[in-house]
Amino acid sequence: MAFIYRDFINETSYKLAFFMELLGIFFSVLSFFFLSKLFGKAVIPHLKPYGGNYFSFVLIGIAFSSYLQVSLHTFARSIRSAQTTGTLEALLVTQTGIPTIIVSSSLYSFIRTSLRVVAYLLLGLFLFGVNMKGANIFAATLILALTIITFSSIGIISASFIMVTKRGEPLTWIFTTISWLIGGVIYPISILPDWLQKFSYLLPITYSLEGMRLALLRGFSTNALLPHILALALFAVVLLPLSIGLFGYGVKRAKIEGSLTHY
Amino acid sequence: MPYAIETVNISKTFNQVKGYRDIVLHPFRKKRIIALKDINIQVNKGELFCLLGPNGAGKTTLIKILASLILPDKGKAYINGYDVVKDWKHAKKLIGYIVNDERSFYWRLTGRQNLNFFAILNNLPSSKAQRRINEVIDLTGLRGVADKMFKDYSTGMKQRLAIARGLITDPQILLMDEPTKSLDPLTAQNLRKFIKKKLVGKDKKTVFLATHNLAEAEELCDRIAIINHGKIKACGTLAEIRALLGIRKRYFIELKNITDSLVNKLKDLPSVDKVLCKQFDPSLNNQLKLEITIDENGDISKVIEYIISSGGRVLSCCPHKPPLIEIFSQILKR
């Protein structure tokens with residue numbers, strides 16, 4: 001809670017940035033709404049599994065890919081921010097362990113992202129006519145939780161690099177770029193060549209977005225979404241312990257090198 | 001009873017950052033800097049102990065090892081008997097770390113909000129935290145500005161808030177890294193008084209203070225360790241360090257009725273090292289002020305006896321204690 005309060009006070013003290021972010025969400029949704037008008041009432045076979053409407057498809061993609069962004073970046077950014085502002089040393093001297101500090105430093109970002117997602121969905125529902133009747137909220141929540149764990153693990157691995165190298169970690173750039181390209185964020189992966197689609201299924205975001213769309217737009221049952229849920233669970237089970245181990249190693253390396261507070 | 005702070009053969013080296021040329025031509029060569037070598041220090045409870053050394057001597061590295069921010073390559077460090085590496089959780093409960101870095105706060109939070117945040121991170125229960133925050137705010141004279149944003153604080157206020165944060169858990173041991181570095185002389189003097197009289201004198205805390213300010217070390221510390229190039233050159237009270245160096249005893253003696261030949265004879269006395277004439281006033285019966293240096297085993301009373309038996313009159317005799325700067329210079333030359 002202390003971290004959430006700290007970050008809330010910090011963020012809201014920059015008043016202009018705060019309001020501009022709210023406006024940014026609105027204009028982003030508006031842009032895609034007008035883009036979807038290009039398709040009109042045409043039946044697009046690639047969109048049929050998701051209800052046929054491009055705007056609904058892309059809204060889910062844009063909204064929930066925010067979690068990809070925040071999960072991948074927030075841990076590394078928290079560390080880098082603490083290094084550059086000089087607060088990391090003061091944090092590390094306290095009785096709170098490093099993993100708690102890093103995870104807690106990221107909580108506000110997740111809360112803010114959740115509010116952004118809610119804003120996206122509410123705008124879509126009430127202003128732009130997105131239909132989510134019969135949505136399977138339970139399955140969507142489960143998929144979201146597994147998504148956050150999986151992407152956060154990748155984010156923590158990225159933070160491990162930052163602890164040692166201070167800059168230039170390659171993981172988040174690669175993951176973000178590839179996920180946007182072949183993860184089904186703004187177009188269905190069925191559009192991609194067959195050989196490229198195989199790579200899509202190696203990415204957790206593919207299962208995450210597909211599962212989310214089927215749960216919210218088509219109301220698929222939890223049983224029907226089991227393949228997506230299990231795939232995400234497998235990613236989480238492998239990546240989470242790996243990330244914790246790597247992060248511990250990163251911290252130890254930084255302490256040995258005496259570079260915890262360097263940037 | 002364990003020492004408040006103890007280090008046993010602490011050593012630390014750092015890799016020097018290589019340039020692109022070295023990375024290409026000598027990819028496997030490692031350049032290492034010795035930051036600390038075989039540091040052995042014991043600090044008693046309730047002591048004000050100074051680590052004195054020039055910039056780059058290794059003071060901050062040692063303090064950071066004690067605060068569990070850096071892992072030593074070799075050796076052990078203990079806070080009240082707890083190993084700072086293996087038992088860091090216990091060790092951290094006992095220390096308050098005061099660093100002279102205004103960047104270590106959140107500039108858009110108020111002083112009180114900053115203290116509250118760090119109090120929670122130090123596991124202080126909420127009710128106790130509020131009470132303690134008010135206490136340290138009063139203690140450090142920040143009551144009038146506690147609810148202002150940190151970014152609006154003066155340098156002195158920022159440093160006082162750093163001290164408030166270090167005291168928030170009422171720790172037994174305080175680690176201070178150059179606490180008066182960026183303060184004006186008056187504020188620095190007040191802070192030194194506060195450390196000596198309140199924290200150590202009244203509250204019986206142990207203070208481990210790193211500084212390069214000789215006057216500060218001389219004024220404050222019960223014991224001093226002089227460090228240079230990562231090695232402890234001398235450790236003890238000022239008197240012990242003086243004795244260790246075999247610093248010659250010097251005396252200023254004011255004399256009357258003394259002739260040149262007597263002054264020359266003084267130089268030949270067995271225990272007298274040097275005789276310098278500091279002042280001469282022929283209008284006052286050849287009143288003279290001499291600086292006499294005798295060796296470690298010499299006794300000034302013998303010199304005075306000789307002067308009197310030779311017809312001279314001793315008006316005063318004052319021992320000269322070499323200041324810390326002199327001791328410091330000699331030690332660094334070793």
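Which residues does B:Leu66 touch, not counting residues up to four places away in sequence?

A: This is a predicted model, in which local features need pLDDT of at least 70 and side-chain atom pairs count only at pLDDT 80 or more, whereas totals for chains, interfaces and linings use all residues. Residues are numbered from 1 along each chain as its sequence is written, while chains are lettered from A and ligands numbered from 1 in the order in which they are written.

Leaving out residues up to four places away in sequence, B:Leu66 touches B:Ile5, B:Ala77, B:Ile79, B:Val84 and B:Leu175, where a contact requires that the two C-beta atoms, placed from the backbone, lie within 7 Å. B:Leu66 is also, together with B:Leu175 and B:Val207, among the residues with the most contacts inside the largest nonpolar core, which has 139 residues. Such a core is a set of buried Ala, Val, Leu, Ile, Met, Phe, Trp, Tyr and Cys residues joined through C-beta atoms within 7 Å, and a residue is buried if 20 or more other C-beta atoms lie within 10 Å of its own. The largest share of this core, 16 residues, is given by helix 3 (residues 54-85) of chain A, a helix being a DSSP run (H or I) of at least four residues, numbered from the N terminus. A second, separate core of ten residues includes B:Leu255, B:Ile258, B:Leu288 and B:Leu290.

Of the contacts in chain B with a separation of 6 or more, 71% are accounted for by residues 24 or more positions apart.

Methods. Buried ≥ 20, exposed ≤ 12 C-beta atoms within 10 Å, placed from the backbone. Helix = DSSP H or I, 4+ residues; strand = E, 2+ residues; numbered from the N terminus.
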